[in-house]
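Hi everyone, thanks for coming. Please bring up the structure on your screens, and I'll walk you through it.

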Amino acid sequence: MNLYTEEEKRIFNFLYQQNCCLRCCFRFIGWRTLNCFEDPIKFAKHVRYIETKDISFNDEILCMACLGILQNKIQEQVITKIQAEIKKQNYDSGTFTCALTIPICISLRERFLRIQCATQLNLSENTLLDLKVKLQNVKDVWKWIMTPKIEQAIKKQVDLITPSPFLIEIILTYKSNEKECETLLKIYNELSNMGNKSKRKYDDNKFSKKNIETIMTKITDKEFSQHFKALSFETNNSILIENIMCSHSSIFIGGRYNKLSRELSQTPWFINGEKKMQTSVQDILCNPIADVTKAQSIKFLSSGREDVDVRNIYSGRPFAVELINPRLTKITEKLLSDLINKINLSSQQVQIVSNLKVLSRFDLKKLKEGENVKTKFYRALCICRNASKNVLSLEKLNNLKHLKIIQKTPMRVLHRRPLSPRERLIYEMRARWVKPQELKNLNISSEDANIFFILDIKTQAGTYVKEFVHGDFGRTKPSLCDILNVEIDIVALDVTGINLNWP
């Protein structure tokens, strides 16, 4: 300590006489020893700041400086509310981190007390500066005292290093906060002659921590003291525990799925607020995972998407589920395995075809980047409208490599995507006429064998394959119609591969 012991004692006693709690008395003179905050009465006697035997916490009198935040009564109320919230929400995390929000008017009160102390005790400017530098933050002191108590109450360990993904937010408010801050704004307006201009500047969030702290730096101690000495810092109203909020950071689970239906949207499909399909890929995959982990909500992420009438088969499409604020967070291999079985047994339309995995941020980044760099494989059943295999050779397609095409935004998605042409690459194609047995499986008459062919195609991500086949009224150039010089349409389409090493 840079202050003399006698000055420390004088400052300590002055603050105590101003109805500051013992903990605030210690933090004002810069004490950082945990003992002085755990048992301030014993410590005050030990360092001989106070000789009186009947010294008390002053807990019946609301602290002038912290408004009760560091007093036992409010602390016990906070712990009781935290216990109730944890029990209600039933989070399984073994660790936690705390975040405390306090009224900004406490900064005003601290400055007022510091100036009053210097004035009444006739302290030097250096001592006043020392007081300002050594003042311990009320939030820090609160955490030193409260963290062990919260640990014991909720049977979880605080994690300040990682920090813990489980956050407990304590929001404390004070009824007269705005009144006291309004006085500061009034001083600033008068001193700067800004009047209404300043009002407009701060109206949106004039009592924010940032605004008040900025103004405080622009007002000298003398100006502050002159205007605030007439203001009575009342302590009739106690701090209010406005809210205790618990939340766990998102957990991501991912894998690959096959979509085996041609009548299923990827995400819930609404038109004018009405759900058009009973379920979706998202519902089938995500709802069971969200239910098991007791997540507040979910976000469905995937490497691209297939249309309602397009299947996704073989190796499957990479997907991830963001579980927002999950309660069950200890994800085991058995739980993931059980989820796969549950989802696959619940639906014939969608099947998980890989192991599920808890994902890292790097995994998600790789999934997102893969949307632009991956290659994709499709199989299309095509029909020739005005030609047959007797007059049409498919070898022309088999010999084409690295074909560049220009695609304007398709008519079918123009209502939700901007009109912009883009270049895409068709890496290679393999075309063959449909075999008689395949026609039977497709319920197509053998008489039509001459007009159906199957096209396997490898493309750059983001290629509109349907439009490449039929041309989309000339919006894709060249299209299959242009290359073969016949009218071609697409009957069915499957995604057969997504070349992304994931998860």
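A second one: helices (H or I, at least four residues) and strands (E, at least two) are DSSP runs, numbered from the N terminus.

Now some housekeeping. What you see is a predicted model, in which local features need pLDDT of at least 70 and side-chain atom pairs count only at pLDDT 80 or more, while totals for chains, interfaces and linings use all residues. Residues are numbered from 1 along each chain as its sequence is written, and side-chain values use heavy atoms, with hydrogens and water left out.

Let's begin with the overall layout. The protein is divided into domain 1 (65–190 + 208–246), domain 2 (250–371) and domain 3 (376–498); these bounds come from an automatic or database domain assignment. Taken over C-alpha atoms, the centres of domain 1 and domain 3 are separated by 67 Å.

Next, the pockets. On a 1 Å grid over the protein atoms alone, a pocket is an open set of points where a 1.4 Å probe fits, with protein on both sides within 12 Å along at least five of seven lines, and lining residues have an atom within 4 Å of a point. Grid points are joined across faces, edges and corners, and the volume is the space filled by probe spheres set on the points.

So, which residues lie nearest the centre of the largest pocket? They are Arg305, Asp307, Arg416, Arg417 and Tyr464, out of 40 lining residues. The volume of this largest pocket is about 1100 Å³. Domain 2 and domain 3 each give at least three residues to its lining. Among the elements that supply at least two lining residues each are strand 9 (310–324), helix 15 (361–373) and strand 14 (422–433). By type, the lining of the largest pocket has 13 nonpolar, twelve polar and 15 charged residues. Here Ala, Val, Leu, Ile, Met, Phe, Trp, Tyr, Cys and Pro count as nonpolar, Asp, Glu, Lys and Arg as charged, and the others, Gly among them, as polar.

Strand 14 also has strands beside it. Two strands pair if DSSP finds at least two bridges between them. Strand 14 runs antiparallel to strand 13 (residues 401–407), with six bridges, and Leu403 stands opposite Ile426 there. Strand 14 also runs antiparallel to strand 15 (residues 452–460), with seven bridges; in that pair, Met429 has Ile457 as its bridge partner.

While we're at strand 13, have a look at His402, which sits in it. His402 is not a glycine, yet its phi is positive, at about 50 degrees. Is His402 buried or exposed? With 53% relative accessibility, His402 counts as exposed.

On to the second largest pocket, which holds about 790 Å³ of space. Of its 33 lining residues, Ile104, Ser107, Glu110, Glu213 and Met216 lie nearest the centre. Strand 1 (95–101), helix 6 (105–120) and helix 11 (209–217) are among the elements that each supply at least two residues of this lining. The lining divides into 15 nonpolar, eight polar and ten charged residues.

Strand 1 and strand 2 run parallel, joined by two bridges, and Phe96 stands opposite Val158 in strand 2.

Finally, two cis peptide bonds to find. One joins Thr162 and Pro163, with omega about -15 degrees; Pro163 is in the loop between strand 2 (157–158) and strand 3. Another joins Lys477 and Pro478, with omega about -15 degrees, and Pro478 is in the loop between strand 16 (476–477) and helix 19 (480–484).

Terms used:
Buried < 20%, exposed > 50% of the residue type's maximum accessible area, 1.4 Å probe, protein only.
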